[in-house]
Amino acid sequence: MTRSAVFLIAVLFSQAALSATPTVEAFLADPVALLDEQGKFEREMALKDAPKNPLPVLQYNEALEVVQVGLAGKTVWLDTM
């Protein structure tokens, strides 16, 4: 019984550890609006200057529907819409 319980707990924790980190795969707007932590417009970035590789999401603010990513050595917020 204890071996089964240990196995099931290990499987649950391994699934959590292997779950994919959310990423920003593409930018749909041109230019891309970069926001501050309150969701207010800060500046724009041309789509041609946006990174082509997926960006890992550092934080997600569900209330404002914005995500924080690292961009050119700085952290910025992007609108999820």
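Visitor: Where is E65 found?

Guide: Please keep in mind that this model is predicted. E65 sits in the loop that links β4 and β5. Its phi angle is near 55 degrees, a positive value in a residue that is not glycine.

Visitor: Is E65 buried, partly exposed or exposed?

Guide: E65 counts as partly exposed because its relative accessibility is 34%, which falls between the limits of 20% and 50%.

Visitor: How many helices and strands does the protein chain have, and in what order do they run?

Guide: The protein chain contains one helix and six strands. Read from the N terminus, the order is α-β-β-β-β-β-β. Of its 81 residues, 22% count as buried. The chain exposes about 6,300 Å², of which carbon and sulfur atoms supply 59%.

Visitor: Which two residues does a cis peptide bond join?

Guide: The cis bond joins D30 and P31, with omega at about 5 degrees. P31 is in the loop between β1 (23–24) and β2.

Visitor: What does V24 touch, leaving out residues up to four places away in sequence?

Guide: With those residues left out, V24 touches P54, L55, V57, V67, V69 and L78.

Visitor: Is V76 buried or exposed?

Guide: V76 is a residue of strand β6. V76 counts as buried because its relative accessible area is 2%, where the limit for a buried residue is under 20%. Not counting residues up to four places away in sequence, V76 touches L34, L35, R43, V67, Q68, V69 and L71.

Visitor: How far apart are V76 and E37 in sequence and in space?

Guide: V76 and E37 are 39 residues apart in sequence, and 7.8 Å apart in space from C-alpha to C-alpha. For the chain as a whole, among contacts between residues at least 6 apart in sequence, 38% join residues at least 24 apart.

Visitor: In which strand is Q68 found, and what does Q68 touch?

Guide: Q68 is part of strand β5. Leaving out residues up to four places away in sequence, Q68 touches P56, V57, L58, Q59, T75, V76 and W77. Q68 counts as buried because its relative accessibility is 11%.

Visitor: How many salt bridges does the structure hold?

Guide: There are two salt bridges in the structure. One is formed by E42 and R43, whose closest N and O atoms are 3.4 Å apart. E42 counts as partly exposed because its relative accessibility is 44%, and R43 is also partly exposed, with a relative accessible area of 36%. Another joins the side chains of K48 and D49, at 3.5 Å from N to O. Both K48 and D49 are exposed.

Visitor: Which side chain of opposite charge is nearest to D36?

Guide: The nearest is K40, at 6.2 Å. A salt bridge requires the nitrogen and oxygen atoms to lie within 4 Å, and D36, although buried, has none.

Visitor: Which backbone nitrogens does the side chain of D36 reach?

Guide: The D36 side chain reaches the backbone nitrogen of Q38 at 3.0 Å and that of K40 at 2.8 Å. D36 itself lies in the loop between β2 (32–35) and β3 (41–45). Apart from neighbours within four places in sequence, D36 is in contact with E42 and W77.

Notes: Residues numbered from 1 in each chain as written. Predicted model: local features only at pLDDT ≥ 70, side-chain atom pairs only at ≥ 80, totals over all residues. Heavy atoms only, no water. Helix = DSSP H or I, 4+ residues; strand = E, 2+ residues; numbered from the N terminus. Buried < 20%, exposed > 50% of the residue type's maximum accessible area, 1.4 Å probe, protein only. Lys, Arg positive; Asp, Glu negative; His and termini not counted. Polar contact = N/O pair within 3.5 Å; in protein donor to acceptor, adjacent residues only side chain to side chain. Contact = heavy atoms within 4.5 Å. Areas by Shrake-Rupley, 256 points an atom, 1.4 Å probe, with all protein chains shown as cover.
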